[in-house]
Amino acid sequence: LAGPPVKVWPVTTLEEIGTTRRELAVFAEGYGFSNDRVNTFISCAVEALANAYKHAGGGSASLHRTPTGLVFVVTDSGPGIDALALPDVALVKGYSTAASLGMGYTLMLAFADRVYLATAPGGTTVAVEMGLESPGDAG
């Protein structure tokens with residue numbers, strides 16, 4: 001279970017996304033993530049931020065600690081993802097509902113330990129969870 005937010009950021013401008021990215025890297029490094037894990041976590045987080053910015057005009061982001069890692073959550077108040085498009089949006093490489101490369105969710109799914117997605121008309125929430133070590137490193 002994730003604890004209360006360590007930090008909350010507004011995500012309404014490209015400058016705020018840059019600030020969030022930089023501060024998130026500092027938190028991940030301070031929590032003990034390796035350089036590779038920091039870069040992977042930041043890449044996934046930036047994809048989630050970019051999706052909120054592109055598809056909903058922004059939103060908010062928060063960082064939470066777990067006993068073994070961090071969870072980054074991005075929430076927007078956009079139109080949500082159409083239920084019929086969800087499999088393509090989340091799983092088809094190159095699919096996008098906007099003018100983009102369509103790699104956001106596929107990148108997050110490939111590199112994050114876990115990705116959570118909740119969407120409905122009126123908003124979408126994406127959470128990216130990363131542990132200090134990748135699941136393959138344990139044991």
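**Close-up 1. Contacts of Thr-75 in the predicted model.** Leaving aside residues up to four places away in sequence, Thr-75 touches Gly-59, Ser-60, Thr-124 and Thr-125. With Thr-125 there is a polar contact between the side chains, at 3.2 Å. Thr-75 belongs to strand β3, which covers residues 69-76. Its relative accessibility is 31%, so Thr-75 counts as partly exposed. Ala-56 lies 19 residues from Thr-75 along the chain, and the C-alpha atoms of the two are separated by 9.7 Å.

Close-up 2. Thr-124 counts as buried because its relative accessibility is 7%, under the 20% limit. Its side chain makes a polar contact of 2.7 Å with the side chain of Thr-119. Not counting residues up to four places away in sequence, Thr-124 touches a set of residues that includes Val-74, Thr-75 and Asp-76. Gly-80, Ile-81, Tyr-105, Leu-117 and Ala-118 are also among the residues that Thr-124 touches.

**Close-up 3. The aromatic pair of Trp-9 and Phe-27.** The whole structure contains 4 aromatic pairs. In the pair of Trp-9 and Phe-27, the ring centres are 6.3 Å apart and the planes stand at 80°, so the pair is edge-to-face. The pair links distant parts of the chain, 18 residues apart: Trp-9 is in strand β1 (residues 5-11) and Phe-27 is in helix α1 (residues 14-31). Trp-9 is buried, at 4% relative accessibility, whereas Phe-27 is partly exposed, with a relative accessible area of 28%. Together with Phe-72, Trp-9 and Phe-27 form one aromatic cluster.

**Close-up 4. Buried and exposed residues of helix α1.** The end C-alpha atoms of α1 are 26 Å apart, which agrees with the 26 Å that its 18 residues should span at 1.5 Å a residue. The buried residues of α1 are Ile-17, Gly-18, Thr-20, Leu-24, Ala-25 and Ala-28. Because these residues cover an arc of only 160° around the axis, they are on the same side of α1. Glu-15, Arg-22, Val-26 and Gly-30 are exposed on the other side of the helix. The buried residues of α1 are covered by elements including β1, α2 (35-56), β2 (59-66) and β3.

Key. Residues numbered from 1 in each chain as written. Predicted model: local features only at pLDDT ≥ 70, side-chain atom pairs only at ≥ 80, totals over all residues. Heavy atoms only, no water. Helix = DSSP H or I, 4+ residues; strand = E, 2+ residues; numbered from the N terminus. Buried < 20%, exposed > 50% of the residue type's maximum accessible area, 1.4 Å probe, protein only. Contact = heavy atoms within 4.5 Å. Polar contact = N/O pair within 3.5 Å; in protein donor to acceptor, adjacent residues only side chain to side chain. Phe/Tyr/Trp six-rings, centres within 6.5 Å; stacked < 30°, edge-to-face > 60°. Expected span 1.5 Å × (residues − 1). Arc of directions from axis to C-beta.
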